[in-house]
Amino acid sequence: MIHRYSVFLLLCLFSSVLSRPSPAISRQILCDSTICIHYSPVDSTHARQALRILATARIEICADFRIVCRDTVHVVIASSRLAFRRHIEQGLPEWAHAFALPGMRTMVVRSPRWDRPEASFRQALVHELIHLVLYQQRGGRALPRWIDEGLALFYAEQLQWENRTLLSKALATGSLIPLQDIDNVLQFARSSADLAYQQSYSAVRYLLATYDIDAMRHIIAGYQAGEDMDALFLQATGSTMSGFEQEWLNHLEETQKWYWLTESDELIWLGIPVLFLLAVFALRRRNRRRLAQWQAEEAIAATLEALEEHPPDAPEEDTSSANSY
Ligand SMILES: [Zn+2]
């Protein structure tokens with residue numbers, strides 16, 4: 001089941017609508033050559049942890065995409081819920097877990113001290129790092145949101161998105177969201193946003209599994225150079241972007257359309273009493289048939305017995321005609 005707070009947002013908002021890291025909640029800074037963590041003293045352990053996580057993830061991501069990652073990334077660890085919300089004047093939904101400010105090369109994450117225990121600090125950091133790195137890589141051009149979010153979920157190993165039930169139900173009911181509409185995910189209702197993130201993850205995973213990181217690298221690098229997205233998809237996958245989407249949908253149709261049936265506890269618990277009632281009904285029907293059969297057989301036997309004991313009298317001869325002459 002998808003948890004409502006597991007969704008992460010990329011908010012491409014810029015400094016005009018966002019306040020800069022507040023000194024009140026960012027009293028200390030811990031930096032290596034390309035990453036700076038801004039944190040409150042009570043979060044010093046988490047600051048060191050964040051630096052280790054991001055340094056490792058950044059090497060992997062930059063190697064995968066063959067990027068020279070020179071820009072310094074800033075990380076603000078919000079020391080409280082109030083501090084987290086103070087960074088944004090508008091536009092952040094209540095369920096946002098972390099957010100990236102690509103224009104400022106900054107991410108804001110919740111401190112694990114006050115965040116929900118099931119939330120993963122590592123996943124939040126790596127997810128937002130992908131957004132920042134890809135923004136740098138694409139030179140400010142807006143990637144299709146499903147690629148941006150799908151890659152972020154994939155690299156952050158947010159395995160809750162492996163749960164395919166929601167996707168499978170949407171597929172079976174014909175309610176999947178066209179990939180290009182996911183660009184507007186921030187305007188979606190809660191359930192649609194969950195589906196959009198799950199679709200993004202699934203489509204990116206399919207692209208990487210089928211065409212490898214080479215294809216994704218080609219698409220992103222070409223996009224940065226200003227090439228047309230359909231042409232890039234054609235070169236990388238043999239189909240335009242809409243052709244790739246249809247290919248991915250065909251794959252889902254073959255592998256996942258009825259997956260939700262196997263995962264549905266409701267169906268199991270609904271099915272057991274229904275099966276029980278059907279069995280009782282069949283049993284009673286069979287018993288009624290047997291009873292009727294027995295009664296019919298008894299009636300025939302009684303009739304035969306009665307006939308043996310009291311055979312019917314022979315018909316009397318008609319003598320009227322003999323007397324007429
Ligand atoms: Zn995101």
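Reply: Angles under 35 degrees count as roughly parallel, over 145 as roughly antiparallel, 65 to 115 as roughly perpendicular, and the rest as oblique. This is a predicted model, in which local features need pLDDT of at least 70 and side-chain atom pairs count only at pLDDT 80 or more, while totals for chains, interfaces and linings use all residues. Residues are numbered from 1 along each chain as its sequence is written.

Me: At what angle do the axes of helix α1 and helix α3 cross?

Reply: Two packed helices are described by the angle between their axes and the distance between the axes. Helices are DSSP runs (H or I, at least four residues), as are strands (E, at least two), numbered from the N terminus. Axes are lines fitted to C-alpha atoms, for helices over the stretch in contact, with angles from 0 to 180 degrees between N-to-C directions. Here the axes of α1 (residues 44-64) and α3 (residues 121-137) cross at roughly 45 degrees and come within 10 Å. The two helices are therefore oblique to each other.

Me: Which residues in α1 and α3 meet?

Reply: Contact requires C-beta atoms, placed from the backbone, within 7 Å. On the α1 side the residues include Ile53, Leu54, Ala57 and Ile61; on the α3 side they include Leu125, Leu129, Ile130 and Val133. Beyond its neighbours within four places in sequence, Ile130 is in contact with Ile61, Leu151, Ala152 and Tyr155.

Me: How many residues has the largest nonpolar core?

Reply: A nonpolar core is a set of buried Ala, Val, Leu, Ile, Met, Phe, Trp, Tyr and Cys residues joined through C-beta atoms within 7 Å. A residue is buried with 20 or more other C-beta atoms within 10 Å of its own, exposed with 12 or fewer, and partly exposed in between; C-beta atoms are placed from the backbone. The largest core has 65 residues, and Leu54, Leu129 and Ile130 are among those with the most contacts inside it. Helix α6 (residues 190-224) gives the most to this core, with twelve residues.

Me: Where is arginine 66 placed, and what is its phi?

Reply: Most residues other than glycine have a negative phi, and most peptide bonds are trans. Arginine 66 has a positive phi, near 55 degrees, and sits in the loop between α1 and β3 (73-78). Arginine 66 is exposed, with 11 other C-beta atoms within 10 Å.

Me: What is phi of aspartate 212?

Reply: Phi of aspartate 212 is positive too, near 75 degrees, but this residue lies in helix α6. Aspartate 212 is exposed, with 11 other C-beta atoms within 10 Å.

Notes:
Contact = placed C-beta atoms within 7 Å.
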